[in-house]
Amino acid sequence: MNIVIFGPPGAGKGTQANLLVKKFKLHQLSTGELLRKEISNNTDLGLKISSIISSGNLVSDNIVGNLIEKYISNEMYKNRLIFDGYPRNLTQAKYLESLLIKNNQKIDIALKLTVGLETIKSRITERKNLEKRTDDDEVVAVKRFKDYENNIKPIIDFYKQSNLLKEVNGEASVTKISDEISGLIDSIKG
Ligand code: AMP
């Protein structure tokens, strides 16, 4: 089973993906985490993307595409991936589909966490204190939220067309959201 989880910054994608990893023995593929690792390891790529990430802009489709390709083509992760933070636009959604087809895989469910801006602002402030992410500044967070809203419609339509889209209320408690997601996954597993 491969899962896409998406939602605005601070929607709880990472938290929920983490819980799914444990429950269904999956592997979390967070493009944001992979990119932050490049920065903290001071790699050439890290140096190139550091200011892009801090300003809340998106890294190029090519860069993130190369990162995910390695995982999709790796037998160890076959049909065990949760895509957290990817796709971010329609080009990426189509690229993901083509990579999966090439590797005899598919997306089984696309989970959309829906959360309003006010909740996002307070969660981002909380996370800033815990994780010290450079992009968890309120102004940058609002920008990232708005960009998300502007880019998300084609992705929603893309997954709706293939009947994979499930919407979850991301304002609920972590446990409630997790139970709802588990129920949705169980129902598609049959
Ligand atoms: P996230 O941890 O998913 O909130 O991502 C943090 C930052 O990493 C984003 O604001 C982007 O700068 C970058 N990033 C993560 N995933 C992608 C992606 N799929 N496409 C482009 N940039 C990304």
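**View 1. Ser30 stands opposite Asp84 of β3.** This close-up comes from a predicted model, in which local features need pLDDT of at least 70, side-chain atom pairs count only at pLDDT 80 or more, and totals for chains, interfaces and linings use all residues. Residues are numbered from 1 along each chain as its sequence is written, and side-chain values use heavy atoms, with hydrogens and water left out. Helices (H or I, at least four residues) and strands (E, at least two) are DSSP runs, numbered from the N terminus. β2 and β3 run parallel and share four bridges; two strands count as paired if DSSP finds at least two bridges between them.

**View 2. Five strands make an open sheet with parallel pairing.** Reading across it, the order is β2-β3-β1-β4-β5. The edges belong to β2 (27-30) and β5 (165-169), and each has a single partner strand, so one side of each has no neighbour in the sheet. On average, neighbouring strands are turned by 20° against each other, direction ignored. Angles use lines fitted to C-alpha atoms (for helices over the stretch in contact) and run from 0 to 180 degrees between N-to-C directions. Helix α1 (residues 13-24) lies across β1, β2, β3 and β4 (109-114), and runs at about 175° to β3.

**View 3. β4 is largely enclosed by the rest of the structure, because five of its six residues are buried.** Here buried means under 20% relative accessible area, exposed means over 50%, and partly exposed is in between (1.4 Å probe, protein chains only). Follow β4 to β1 and you find four bridges in a parallel pairing, with Leu111 of β4 as the bridge partner of Ile5. Between β4 and β5 there are five bridges, again with the strands running parallel; Leu113 has Val168 of β5 as its bridge partner.

**View 4. Gln16 of helix α1 has a side-chain polar atom 3.2 Å from the backbone oxygen of Val174.** A polar contact is a pair of N or O atoms within 3.5 Å; within protein, one must be able to donate a hydrogen and the other to accept it, and residues adjacent in sequence count only if both atoms are side-chain atoms. Gln16 counts as buried because its relative accessibility is 3%. Beyond its neighbours within four places in sequence, Gln16 is in contact (heavy atoms within 4.5 Å) with Ile5, Leu113, Val174, Ile177, Ser178 and Ile181.

**View 5. Asn2, in the segment before β1 (3-6), is buried at 0% relative accessibility.** A polar atom of the Asn2 side chain lies 3.0 Å from the backbone nitrogen of Leu81. Not counting residues up to four places away in sequence, Asn2 also touches others, including Phe83, Leu100, Gln105 and Ile109.

**View 6. Phe6, Leu96 and Tyr159 have the most contacts inside the largest nonpolar core, which has 32 residues.** Such a core is a set of buried Ala, Val, Leu, Ile, Met, Phe, Trp, Tyr and Cys residues joined through side-chain atoms within 4.5 Å. The elements giving two or more residues to this core are β1, α2 (31-40), α3 (44-54), α4 (61-72), β3 (81-84), α5 (90-102) and α7 (138-161). Another core, of 21 residues, lies apart from it and includes Ile82, Ile109, Leu111 and Phe145.

**View 7. Of the 16 residues around the ligand, Thr31, Arg36, Asn57, Gly85 and Gln92 come nearest.** A residue is near a molecule or strand if one of its heavy atoms lies within 4 Å of it. A ligand oxygen atom sits 2.5 Å from a backbone N or O atom of Asn57, and a ligand nitrogen atom is 2.9 Å from a polar backbone atom of Gly85. Look too for Arg144, where a side-chain N or O atom is 3.0 Å from an oxygen atom of the ligand.

View 8. Most residues other than glycine have a negative phi, and most peptide bonds are trans.
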